[in-house]
Each structure stands twice: as C-alpha cells, then as structure tokens.
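Visitor: I am new to this structure. Could you take me through some of its residues, one question at a time?

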Amino acid sequence: MKKYFLLILFAVFAISCSKKDLVFTGKINNPAPLSRIELIDVSSVATLPIANIGIDEKGNFSDTISVKKDGIYALVYQGKVNFLYLKNGENLNLEGNGSTFPEDLKISGKGQGNNEFLIESQKFITSYFSKLNQAVLAKNENDFIKEIEKYSADINKKLDEIAKSKNADKDVIEWKKSDLMVNLLMISSQYEMMHGQMTQNPDFKVSTNFKESQKKFEKESLIKEFPAYRQYLLGKLEPDFRKFATPFLNDTKTTQTEVFLKFLETRKEFSQEQKDYLAAYIATQFDLHPQNDKIEQVLKALTEKVKSENIKKDLERVYTAIIGPKVGSALPEVNFIKQDGKAYKISELKGKPTLLIFYSSFAPNIVQSAAALKEITEFYKAKLNVAYVNMDDDAKQFHKTSKSLFGSFTGVNLYAKGGLKSEAAQQLHIYGFKLPSFVVLDKDGKVGSKTILGLSNIQLTELIDILNKQTGMSAPVPEASETEEEHNEHDGDGHGH
C-alpha cells in the first residue's frame, strides 16, 4: 500500500551563524551554469529570501548573511529544497552534488555537533515512517492513539540518544522535538479526514477522547515557527469555514482574506496571536499576489484586524515586494554604473517617461522577452527613455550580459553594483524571483506604475497600456513567448513568490 508519511515529513539539516552574521560557504559539485542558492525564512509570515548567492563555474559559493533569528530556513537550489537551521554564533560550510541535491548534502563548521544531530535525527525519522503505510488510518481510534503515542516515545528516545552522542544544544533538540510534534499532529489530521472513507463510514467523526489526545501535542507557541502547524489548525477549521463562506461565494467585492477575518471573529477558542498568524497565512497563500487587483483592499483589512506589529510589518514587506515603489512617489535616488564605468543616476532621464527593465543572467527568461522588448523600445523611442538595469553579482557578468542582450537596443545599460545585495535592490525591493521586472516612471521621474513581474501576454498588455498613457502614443501589443507565461516557474533558481 502506498506509503504516505514521507509526504508530510521534511528532511531538515542544521546550520548556524556568528554573533552578528552568518558566514555561509560551500561547494556544489557538477553545478548547473549560472545556478544559485537562495535562503528563505519559511517560518516568517513574509517568506522572502534573505540571501541569493551565486555559484562560480567550479561550484564554489561564499557569502556573509545577516540572520535576525535562530530558526528554520529553506535552502533552494535549482528548484530543489532542503531545510536548514540557522543559529547565531556558528559559521557553516556545505558540500553536495548538483545532480543529486539535497540527498547527499554534508554540513561542517563550528556547529558540527548540532548539524549531525539534525541530519541523523531526520534520517532515523524518515526510515521509521517509511516502514509504515496507510493501514494505520483504518485502525479504530484507541489503537490509532496508541500508535501515535508509540511513534512519539520511540522517536523521542532515539532523538535523546543522538543528541547525547553529538553533544547537541538544548534549543536545537527542543526545535527538533517540536517539529516531530507537528508532524504527529499532521498524521492525526489525516486520520480525521480519511478514516471514514477507508472504513466505508462516511458519517465518522472523531471522539472527544481523540481530540484530547491531539491536545497533548498542541502548543500555541508552535504557530510562530512552524507553517505546518498553521496548516494543521486551518485543516481543523476548514469544514466550519466552508459553511461560513457559503453566502460569500458570489460576492466579487469581498476577498477570501476578508471573509476569513470575519470568520475568525466567531472563533473564541483562538488567541489573538493565533488569529493573526492564521489570517496572514491565508492572505499570503490566496490574496497577496501580483494578479490580484484588490491587493490594497486586502492589506487594509489585515491592518485593521491584525494586532501584532511584527506580523503587520511582515505583511507590508510582502505587499511592497509585490507592488514595488509606491505609485506617485519619487523614485529613491540610488547610484548605478554605466558600461564605461562612470556613475549614473536615474534622475538624469527626466523630461520623458522612463521604462526601467531589471534583469540578470541568472534569470534566463529575459531572453524570451527580448523580441517583444525590441519592438517596444523601438516604437516608443521618440517619447520614452529606457534603462536596462543589470542585477548580476559583478561588473564582468554585467558587461557580458548587457552587450549580449541589449547591445543593439535603444536606451542606456546600467549596473547595480553588488546585484541583489546592492543599494538599488534594497531601495527598489528587487528579489531574484522578481527578475525580469519592469517599472515605468512619468516624465517628472515619479513612479508611474506598480512593478510588473515577467512579460507574459497578460503582463505585456498591462505594460503597453501604461506606456500608452505615459507617452500619449498607441502601440500594438506584440506576442510574448509561451515560455514566459509562467514567470514564477523560471526565475533563475526555481523560486517563485
């Protein structure tokens, strides 16, 4: 019978950092050309990258990263994900193979004991659950509860043995045990969903005794660090929310986030902190995305109902990452470098509307947009300034990429020194998943459009509409390449917001 536990258990490897920063080094053998590594804070409401690191031709990489808190971070390479534990005070070195990543990932450094504890712990857990199958979901309640308690006892005993042998830190041990608790809760939620179906009893509902057994693993603090715990709580709420939301099914003015916020007002058993995290999770999963024309409405509703200032700040970061610099505001004055090495400011382009094109060599979908961009820049060149802003790691790659892609195009080629770590990236909210992206300025240099991510047919039409309004011209819409239709699937490192 098909095994199901591996679908909900993640392999987690530990890493750590210095008192102020994390020195992150390593080597990926057999790397893909222009491949990169991203680190993402997955426990935060704003699951935005904290680092996007280039890998050289030999597979080496190195960076110094500011880590605000100990916790879970996703390591993304070529669309493949592993989970790391970043801890203050310990530098990290990783080694793996690009073709098999992350199965053979090895971690060394000051926190080797913690790293080995987490690696061996997850290997044991994976092996333990791989021997089990869906038959456990057909057991009667009492037997299933005993099974869960046995899993917990067996695994926690082994975790203590491994921790002792590796001299692991207390906080790492506690984190791994909390991770296990969340996974056991996810298994129990599968029992709730599937037991009736597996036993041909469609009216089955778990007993009070079953719910009490779940409470042994439930812990309010888990919601801060474990997205899977948020999923678990939402899964328990789903039937009630579905009924509550029925009257809103044909309401096109109210977003799913707003309906969920109304629903949470009826749930007195949840603390305000839990409600804040759950509302933020729903918003980031369903409504805070570039295609939603009600995104400002969603953020306003969240700002009114969410009480946590930290969560509000994270939601604002998500909004800003999607929208970019605020429309109507003056573009932050940041420094760029031209191909001849001279300094350059965007403000020098005042007098006509300006199209800013942010791109890099490691986001190859810009190549599929080249033909459409050629048509656009040629059509508007009498009434439009164009700046091609390169976000590569170094000037050498900038010269190579800019000449190859835009050497014959109308406009000026610029480099944001330091790429995604540059002042421009910080001020203009540029991330790897936002490349390529486009911003239009009006003739006075103020932001005239939200950031447009990618150049699919929909986004291309949107860009043309904006340029027509800014220039007073009327351009036909060229066809974008089909490979651009799903921008988030091809951002250079497999990560989409």
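Visitor: Where is the place of H429?

Guide: This is a predicted model. Phi of H429 is near 60°, a positive value in a residue other than glycine. As for its place, H429 is in the loop between α13 and β15.

Visitor: Is H429 buried, partly exposed or exposed?

Guide: Buried would need under 20% relative accessible area, and exposed would need over 50%. H429 has 25% relative accessibility, so H429 counts as partly exposed.

Visitor: What is omega for the cis peptide bond that joins F101 and P102?

Guide: P102 lies in the loop between β8 (92–97) and β9 (106–109). For the cis bond joining F101 and P102, omega is about 0°.

Visitor: Is Q200 buried or exposed?

Guide: Q200 lies in the loop between α3 (170–198) and α4 (208–215). Its phi is near 55°, a positive value in a residue other than glycine. The relative accessible area of Q200 is 74%, so Q200 is exposed.

Visitor: Which residues is N29 in contact with, leaving aside its neighbours within four places in sequence?

Guide: N29 is found in strand β2 (residues 21–29). N29 is partly exposed, with a relative accessible area of 26%. Leaving aside neighbours within four places in sequence, the contacts of N29 are E95, G96, N97 and G98.

Visitor: How many aromatic pairs does the structure hold?

Guide: A pair of aromatic rings is described by the distance of the centres and the angle of the planes. The number of aromatic pairs in the structure is 25.

Visitor: What kind of aromatic pair do Y128 and F129 form?

Guide: Y128 is buried, with a relative accessible area of 14%, and F129 is buried at 1%. Their rings are 5.5 Å apart, centre to centre, with 75° between the planes. Planes over 60 degrees apart count as edge-to-face, so the pair of Y128 and F129 is edge-to-face.

Visitor: Why is the pair of Y431 and F433 stacked?

Guide: Y431 and F433 are both buried. Planes under 30 degrees apart count as stacked. The ring centres of Y431 and F433 are 5.5 Å apart, and the pair is stacked because their planes are at 10°.

Visitor: Over the ring of which residue does the charged end of R36 sit?

Guide: The charged end of R36 is 3.8 Å from the centre of that ring. The ring belongs to F362.

How values were computed. Residues numbered from 1 in each chain as written. Predicted model: local features only at pLDDT ≥ 70, side-chain atom pairs only at ≥ 80, totals over all residues. Heavy atoms only, no water. Helix = DSSP H or I, 4+ residues; strand = E, 2+ residues; numbered from the N terminus. Buried < 20%, exposed > 50% of the residue type's maximum accessible area, 1.4 Å probe, protein only. Contact = heavy atoms within 4.5 Å. Phe/Tyr/Trp six-rings, centres within 6.5 Å; stacked < 30°, edge-to-face > 60°. Lys NZ or Arg CZ within 6 Å of the ring centre and 35° of its normal.
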